[in-house]
Amino acid sequence: MTKIFTSKEDEILIGKIIHRGLEGADSPKWATIRLALAISLHIPTEPDPNLDHAARGTEYDLKQVSWLGGEKKGEPYPVSGNRTDYTDAYKALLSAYHEEDLFKNEDNFRLYLQRHIRRGFREIRTSWRENHDFFEFLYQELFSDVAREESTVAEEPSGQLMTALSEIGVRGEVRETLTGPRVTRVLVHLPDVYDLDRTRRGLDKITFSLGLRDKGVFMESTDSPKVVALDIPRPQDTWKKITGADMRQWFGKEPEGFGLPVWPGVDVLGNPHVVDLAKAPHLLVAGTTGSGKSVCLHALIVSLLANTDSKCQLCLIDPKKVEFFYYAKLPMLFGGQVHDGSRKTLQILEALNDEMEERVDILSKSGFRDLEQARSSGKCDLAPIVVFVEELADLFSQVPESEDLLVRLAQKARASGIHLVLSTQRPDAKTFSGQLRSNIPARIALTVQKATESKIILDETGAERLSGAGDMLVKESGKETVRIHGVFVGPDDISKAVNQTRGYA
C-alpha cells in the first residue's frame, strides 16, 4: 500500500484546521489533506522538491486520501458501504500537471502527491490566520478566480470618471476603455489644452470622488493628440496575479543587445517589462514593509539565473538572514556563500573593491573602455557580478564601514562589470545618501507611506499612491517613469530556477 507522509508542522496545522477552522473535532484528518492537495493543484508552478526533506510527522494510506464514501468512525479509511476510488483520477490530474505518465510510475505518483499535500499545508500556514474564517479563506484560494471570470471584469468607470472630471472643471470625452491586470485604463480626449493641467492638479480630487481612498488615479500621456490615459485601480479581488510561470515565458525574448535582462513584472496593460542591469548600471529597490520589495528582488535574481548567456556571478548580502538562504547552493556565488554576518559582509565588500581595481587594471592594459567592450571582442572571459543587498539600512547599522565601500563601488564599478542592486524598506536621506543617489540612476519604488519618501527614491511623487502587493514605479536613466505590476515569485519558482542552474532540472 502506498504511504503518504505529512511533516510534523503539517500535523500541528491539521489539528488547528479541524478544531478552529472546521470547528469540528470529529472531522477526519484526511479531509484536511484533500483540501491541502486542492490548494496546491491551484498553483501553476510545480512544488519545491525540498519539501521532501521535511521531518516526518504521520503516515497515511493512499486510501485515506483518494477514497470517498463509507467511512466509519474509528476506521483508518473507507472499508465498507458505497465506496468511490478516485486514485486513477488523482493520477490523471498529476500526470497532466507534471506532464508525465504516472500510471506507469507509482513511486513518482506518491512523491508528487506528497509534495502537493505538503505545499498545500505550507500555503495554509502562511496565508490563513486562525482568527479568520477558514471557509472564506478556502473560497478565496479555490474559487475567487472562477467568481471573477463569471462576473463582469470591473464596473464601468467611465460615467463616474466623467462626473469626477466635471467637478474639477474639466470637459472630456471617453475614447476607449482598456482592462489591465489591476487597473482600468480610460483614454480621455481633452478638447481644451488647459484641461491637461487641471486634470493633473485634480488627481487627488478625482481619487476622492471615485472613493478610492489612498489608491490613487494615475495619468499618463499617449501618442494621440489631446488624449490622456487615466489609470483607475480596481478592487483587489478582480486582479490577475502575474506568476513565476508567466515570467518563464518571457525569458529569451528581451530586445537585442540586452546584457543582463531582468523582468520585475508587467505594465498596466499586462505587457512584460524588461530592464537591462548592464545599462542601469546600478539599481535601488525601495518600499515599505509588505509592499513586495523582497519578492521583487527574487524576480530579479530568478531572471538572472535564467539568462545563461551572461554567465554572471551573484554576490548576495543578507543582513537579516531571512531572504537569500534559497540560493546558498548556487555554483556562481561570489565568495562561495550568502553573506549574512557583519564580519563576512565587510570582508566581501572589501573583496569586491579589490576585484574592481584588478579588473580596471586588466581592462586598461588591454586597451578596452569597459567589460562590455572587452567581452564583445571575445578576448575577455570575466563574468559580470551583480551584488544584491537585501536591507541597506540594516547593513549600515551593523557594518558602518560598508557605506563608503558601496559608494566606491557605485562610483567606479560600472566599467568593470560590477552592478549593485540595493534595497531598503527605510527610504530616507540617511539610508539613501546623496553620494549613493548620484551614482545609482535606476530606481524601483514600491508603495511608500509618504510623498517625501517617493521623492527620495524617484525624485518625484507617486509611490505613495500605489496599491501595494508588488505595485511599483520603475525609473531608468533617460526614460520616463513606468508603472509596473510585480510578478509573484514564490519558493517553488526559486527552487526550480536554482535546480535548473545546478543542472538538476
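Which residue forms a salt bridge with lysine 3? Here are some friendly notes on that pair and a few others.

1. A word on the basis: this is a predicted model, where local features need pLDDT of at least 70, side-chain atom pairs count only at pLDDT 80 or more, and totals for chains, interfaces and linings use all residues. Residues are numbered from 1 along each chain as its sequence is written, and side-chain values use heavy atoms, with hydrogens and water left out.

2. The partner of lysine 3 is glutamate 59, with the closest N and O atoms 3.7 Å apart. A salt bridge here is a side-chain nitrogen of Lys or Arg within 4 Å of a carboxyl oxygen of Asp or Glu, and the structure holds 30 of them.

3. Lysine 365 pairs with aspartate 361 at 3.3 Å between the closest N and O atoms. Both sit in helix α13 (residues 342-366), four residues apart, about one turn of the helix; helices (H or I, at least four residues) and strands (E, at least two) are DSSP runs, numbered from the N terminus. Lysine 365 is exposed at 69% relative accessible area, while aspartate 361 is partly exposed at 37%. The cut-offs are under 20% for buried, over 50% for exposed and partly exposed in between (1.4 Å probe, protein chains only).

4. Arginine 437 and aspartate 459 meet in a salt bridge of 2.7 Å, N to O. Arginine 437 belongs to helix α17 (residues 434-439) and aspartate 459 to the loop between α18 (451-458) and β16 (471-475), so the pair ties together parts 22 residues apart in sequence. Arginine 437 is partly exposed at 26% relative accessibility, and aspartate 459 is partly exposed at 45%.
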